[in-house]
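Please keep the sequence and the structure in view while reading.

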Amino acid sequence: VVVAVETGRTIEFFNIRSGKLVRHHQAVVPFAPRDVTVLAEAQGRFTLLATPYDGQQVALVEWQLGAQDARVTPLNWCEEAWHPARVARAPRGAGPGAVVACRRDFKVLYISASNWTAPPTELALVGSVARHARPSPSGQWVYVAMEVGQRNARINMDTGETQYLAAPEDPGNVSVAPLSDDLVAWGGASAVALQRLD
C-alpha cells in the first residue's frame, strides 16, 4: 500500500501483515503530495508519481523493496497536475504512458512510459478548469471532467481529436469514471450523473 501524506510531505510504503499495515519506507518529496499513482512495478521495484494540491512540480519516486532510500526526481509539468491515470496508448502511435489534467493551465498532458522524466506532450487545451482525466476501458477515449463552463471533453487516443460534451451538472463536473467507451459517470457538487453518448 502506498500513501501520499500531505502534511508530512512524504510518500509512505506499507505492507499488510496479519491484517495490519506495517510501514517499510518513507520517501520525502519537495512539496505536500495530494495524490500518488503507481506507474510501474516489476520484481519489487516501484515507479510512482506524486502530485501536489497546487504548484507546477510533481515528483517521480523510484524505490526497490527493502532499500533504505528512494530516488526522488522533481519535475515541472503544469499548474495543478491532478489525479494522473495510466493509459495504454496515445495519438500518433505513442505507446503506454499516463495522462493528467492540469487544473489551472486548462490542458491535458500525456507522459510516455518509455521515459517518465521526459517533457510531457500536450494532448488538448480544453479552455476551462480541467479537473480529472480518465481513460475508457478500451483506451480509445480519455474523458475530461471540467469544473466550470457547463461542458466536458473527451480526447480520441487514436486520432487526437477533442470533442466537447454537454455537462450534466451545472456549472460543470469534478470527477469522471468511464464505464465503457460511450457510457460515463460524471461526479458533480451534489450528484452523480450517467451519460450515454452516440
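The points below are grouped by topic and concern a predicted model.

**The open sheet**

- Four strands, in the order β8-β9-β10-β11, make up an open sheet in which the pairing is antiparallel.
- At the edges of this sheet stand β8, covering residues 81-87, and β11, covering residues 121-125, each of which pairs on one side only.
- From one strand to the next, the twist averages 25 degrees.
- Between strand β10, which spans residues 107-112, and β11, the antiparallel pairing runs over four bridges, and Tyr110 has Thr121 in β11 as its bridge partner.

- Ala50 belongs to strand β5, which spans residues 45-52, and the residue counts as buried because its relative accessibility is 0%, where the cut-off for buried is under 20%.
- When neighbours within four places in sequence are left aside, the contacts of Ala50 are Ile11, Val29, Phe31, Pro33, Asp35, Val36, Val58 and Ala59.
- Ala133 lies 83 residues from Ala50 along the chain, and the C-alpha atoms of the two residues are separated by 16 Å.

- Val1, Val3, Ile16 and Leu21 make a nonpolar surface patch of about 350 Å².
- One of these residues, Val1, is located in the segment before β1, the strand of residues 2-5.
- With a relative accessibility of 49%, Val1 counts as partly exposed, since the class of exposed residues begins over 50%.

Definitions and conventions: Residues are numbered from 1 along each chain as its sequence is written. This is a predicted model: local features need pLDDT of at least 70, side-chain atom pairs count only at pLDDT 80 or more; totals for chains, interfaces and linings use all residues. Side-chain values use heavy atoms; hydrogens and water are left out. Two strands pair if DSSP finds at least two bridges between them. Helices (H or I, at least four residues) and strands (E, at least two) are DSSP runs, numbered from the N terminus. Axes are lines fitted to C-alpha atoms, for helices over the stretch in contact, and angles run from 0 to 180 degrees between N-to-C directions. Buried means under 20% relative accessible area, exposed over 50%, partly exposed in between (1.4 Å probe, protein chains only). Contact means heavy atoms within 4.5 Å. Patches are made of residues with over 30% relative accessible area and no salt bridge: like charges are joined within 9 Å, nonpolar side chains (Val, Leu, Ile, Met, Phe, Trp, Tyr) within 5 Å. Accessible areas come from the Shrake-Rupley method with a 1.4 Å probe; for residues, only the protein chains shown count as cover. A salt bridge is a side-chain nitrogen of Lys or Arg within 4 Å of a carboxyl oxygen of Asp or Glu.
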